[in-house]
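Please keep the viewer open while you go through the points.

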Amino acid sequence: FCLYEELVKSKDETIAAISAKAIKEVKYHLKFASDWTLRLGDGTEESHQRIQKSFDDIWMYTGELFEMNEVDALLIKEGIAVDLNTLKTRWKKIITEVLLEATLTVPTDAYMQTGSRKGVHTESLGYILAEMQYLQLAYPDAKW
């Protein structure tokens, strides 16, 4: 949500237009996800424990949301992209408010997985890619 609000200001007209159109949809998904987090966090003991474990398990991957590289620096300089570091505080505030309202604990930033922007992924991605590439590999001459 924070990203699209900033990309509306992009000097690239296409990016700005797509972002403006996407904001309404992204706001809906933010509300939907927040509502379910509240229901599960404030629900039964089991739902509370499960959603807390889910946040604890995935939290280490959230650092990658704010990774940038040399290409990002060039796009930011040209006014096309957004400095993701400027979004992190706002993103964390939104997430923290939802988690605390849902009586959940905000996970610590102890270890953050990084490297996906450099092509470094966990072994789990290999299985996902194999599944996604199956049809193309099985039928290389197919036209979609």
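Predicted model: local features only at pLDDT ≥ 70, side-chain atom pairs only at ≥ 80, totals over all residues.

Residues are numbered from 1 along each chain as its sequence is written, and side-chain values use heavy atoms, with hydrogens and water left out. Helices are DSSP runs of H or I with at least four residues, strands are runs of E with at least two, and both are numbered from the N terminus.

**Aromatic rings**

- The structure holds three aromatic pairs; rings of Phe, Tyr and Trp (its six-membered ring) pair if their centres lie within 6.5 Å, and planes under 30 degrees apart count as stacked, over 60 as edge-to-face and the rest as tilted.
- Y28 and F32 make a stacked pair, because their ring centres are 6.0 Å apart and their planes are at 25°.
- One aromatic cluster is formed by W59, F66 and W91.
- R39 lies over the face of W36, at 4.7 Å from the ring centre; a charge sits over a ring if NZ of Lys or CZ of Arg is within 6 Å of the ring centre and within 35 degrees of the ring normal.

**Cavity and pocket**

- On a 1 Å grid over the protein atoms alone, a cavity is a set of points where a 1.4 Å probe fits but cannot get out, a pocket is an open set with protein on both sides within 12 Å along at least five of seven lines, and lining residues have an atom within 4 Å of a point.
- Grid points are joined across faces, edges and corners, and a volume is the space filled by probe spheres set on the points.
- There is one cavity of 30 Å³ or more, and the largest cavity has a volume of about 40 Å³.
- The lining of the largest cavity includes W59, F66 and W91, the residues of the aromatic cluster.
- That cavity lining divides into four nonpolar, two polar and three charged residues (Ala, Val, Leu, Ile, Met, Phe, Trp, Tyr, Cys and Pro count as nonpolar, Asp, Glu, Lys and Arg as charged, and the others, Gly among them, as polar).
- The largest pocket holds about 340 Å³ of space, and of its 13 lining residues, F1, C2, L3, L65 and W91 lie nearest its centre.
- α1 (2-7), α2 and α5 (85-101) each give two or more residues to this pocket lining, with the largest share, four residues, coming from α5.
- By class, the pocket lining has 12 nonpolar, one polar and no charged residues.

**Backbone and helix details**

- S34 lies in helix α2 and is buried, with a relative accessible area of 14%.
- A polar atom of the S34 side chain lies 2.7 Å from the backbone oxygen of L30.
- At the start of helix α4 (residues 70-77), a side-chain oxygen of N69 reaches to within 3.0 Å of the backbone nitrogen of V71.
- G79 follows α4 and has a positive phi, near 80°.
- T103 has a positive phi too, near 60°, in a residue other than glycine.
- T103 is found in the loop between α5 and α6 (124-138), and is partly exposed at 47% relative accessible area.

Notes:
Polar contact = N/O pair within 3.5 Å; in protein donor to acceptor, adjacent residues only side chain to side chain. Buried < 20%, exposed > 50% of the residue type's maximum accessible area, 1.4 Å probe, protein only.
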